[in-house]
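Take a look at the structure below. This report walks through its sheets, the helices beside them and the spaces inside.

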Amino acid sequence: MTMKRILALLMAVMMLTALTACGNATGPAPSSQAPVASSQAPDANDPAPAAPAGDDLIYVGFVQVGAESDWRMANTKSMQETFTEANGYKFEMVDAQQQTQKQITAIRDFIQKDVDYIVLAPNTEAGWDTVLGEAKDAGIPVIIVDRMIQTNDDSLFTAWVGSNFLQEGYDAVEALATALKNKGIDPTEGEINIVTLQGTMGSSAQIGRTDGFAEKMKEYPNWKMLDKQSGDFTQEKGQEVMEAFLKSYPDIDVVIAENDNMAFGAINAIKAAGKTCGPNGDITIVSFDAVKAAFESMIAGDMDVSVECNPLHGPRVEGIIKALEAGQSVDKIAYVEEGTFYAKDAAEIMPTRAY
Ligand code: GYE
């Protein structure tokens, strides 16, 4: 047990003794917004005694979006492999099945359990102020990972780490221009008909990718966005939406899939409709994430390009927690570096990929 924790425990015992002596357990709720954690002695109105002796684990409650995609599974794995008991953590994860309301309930449960840190991967951006205010009042630091929240009060979270989704949207425009050139098509010539399979509406990954693409594609006046619809980041819904698109639009040149799994669904739909896609096919497939299965799809000749989104946030979140435990300040906002991968390079790069 660390010295800090021995002291914390001692203080807690002293406070409890004092409490029992005067029998007064009322008083205002603690409202410390400083990113203090398990090492802090409990407030006098804390109902429970301090952690049992020998328990010096840092208690992390992780509110995950769901299990909708390969990206998400890699993200969950990264968190689980980082926050192990051997590394000094007690880790609990809630899979919110892509429901923001379930995430809000999960945060309230973690507040009840008095975790040391709440790590939140928000499903959608809006509506967090109340529940994060409750976490703040309870003195529990909130670290946001992956997608972002919308708020006017940035004291509601301690730090955020994730991807620059708007940049990814811009990158997808360049990715499409290059993918077209790679198959001998001049991206500035002729009408290029595009459909987009959007992610979960209202999530940062959807908003950034949709907006970034829309903004930058203005550089190509010959590109036409025929339609956009959400496939909720899943292969199944991606396939359904693509089937409907293929019925409505006989002349689709490009599919922008806001994640790899929806692209896999779209590819199935395209093949089932008797059409072709990929570097040697008629329909160009641009995707996001660049998970291993996307490399396989590029090697198989189905997908043209994937704009990378890195899910390995476990060690990044741990870095933030370690710094906070050591009383150091942390970056409020930290972006992850990302690249773009084309079918022609996929076989060579695939063995180096970590997810
Ligand atoms: O692109 C998608 C997942 O928020 C970056 O969520 C994440 C996205 C990712 O379902 O595959």
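Helix α7 (residues 235-248) lies across β6 (192-198), β7 and β8, and runs at about 150° to β6. Helix α8 (residues 260-272) lies across β6, β8, β9 and β10 (305-308), at about 155° to β9. Contact here means heavy atoms within 4.5 Å. Angles run from 0 to 180 degrees between N-to-C directions, and axes are lines fitted to C-alpha atoms, for helices over the stretch in contact. Helices (H or I, at least four residues) and strands (E, at least two) are DSSP runs, numbered from the N terminus.

This is a predicted model, where local features need pLDDT of at least 70, side-chain atom pairs count only at pLDDT 80 or more, and totals for chains, interfaces and linings use all residues. Residues are numbered from 1 along each chain as its sequence is written, and side-chain values use heavy atoms, with hydrogens and water left out.

## The mixed sheet

What is the strand order in the open sheet with mixed pairing? The six strands run β7-β6-β8-β9-β10-β12. Two strands pair if DSSP finds at least two bridges between them. β7 (223-230) and β12 (340-342) stand at the edges. Each has a single partner strand, so one side of each is left without a neighbour in the sheet. Neighbouring strands are turned by 20° against each other on average, direction ignored.

Look at one pair. β8 (residues 254-257) and β9 (residues 284-289) pair in the parallel sense over four bridges. V254 has T284 in β9 as its bridge partner.

## The parallel sheet

Another open sheet has six strands, in the order β2-β1-β3-β4-β5-β11, and its pairing is parallel. At the edges stand β2 (89-95) and β11. Each of them has a single partner strand, so one side is left without a neighbour in the sheet. On average, neighbouring strands here are turned by 15° against each other, direction ignored.

β1 (residues 58-64) pairs with β2 in the parallel sense over seven bridges. Y59 stands opposite K90 in β2. Helix α10 (residues 314-325) packs on this sheet. It touches β1, β2, β3 (117-120), β4 (142-145) and β5 (159-162), and its direction makes about 160° with that of β4.

## The largest cavity

The whole structure holds two cavities of 30 Å³ or more. On a 1 Å grid over the protein atoms alone, a cavity is a set of points where a 1.4 Å probe fits but cannot get out; a pocket is an open set with protein on both sides within 12 Å along at least five of seven lines; lining residues have an atom within 4 Å of a point. Points are joined across faces, edges and corners, and a volume is the space filled by probe spheres set on them.

The largest cavity has about 90 Å³ of space. Of its 13 lining residues, W71, R72, R147, R209 and D289 are the closest to the centre. Helices α2 (70-82) and α6 (204-216) each give two or more residues to the lining. Domain 1 (58-161 + 311-336) and domain 2 (165-310 + 342-352) both give residues to this lining, so the cavity lies between them. The domain bounds come from an automatic or database domain assignment.

## The second largest pocket

This pocket has about 190 Å³ of space. Its lining includes E125, W160, F165 and Y335. α6 gives the most, with three residues. Both domain 1 and domain 2 give residues to the lining, so this pocket also lies between them.
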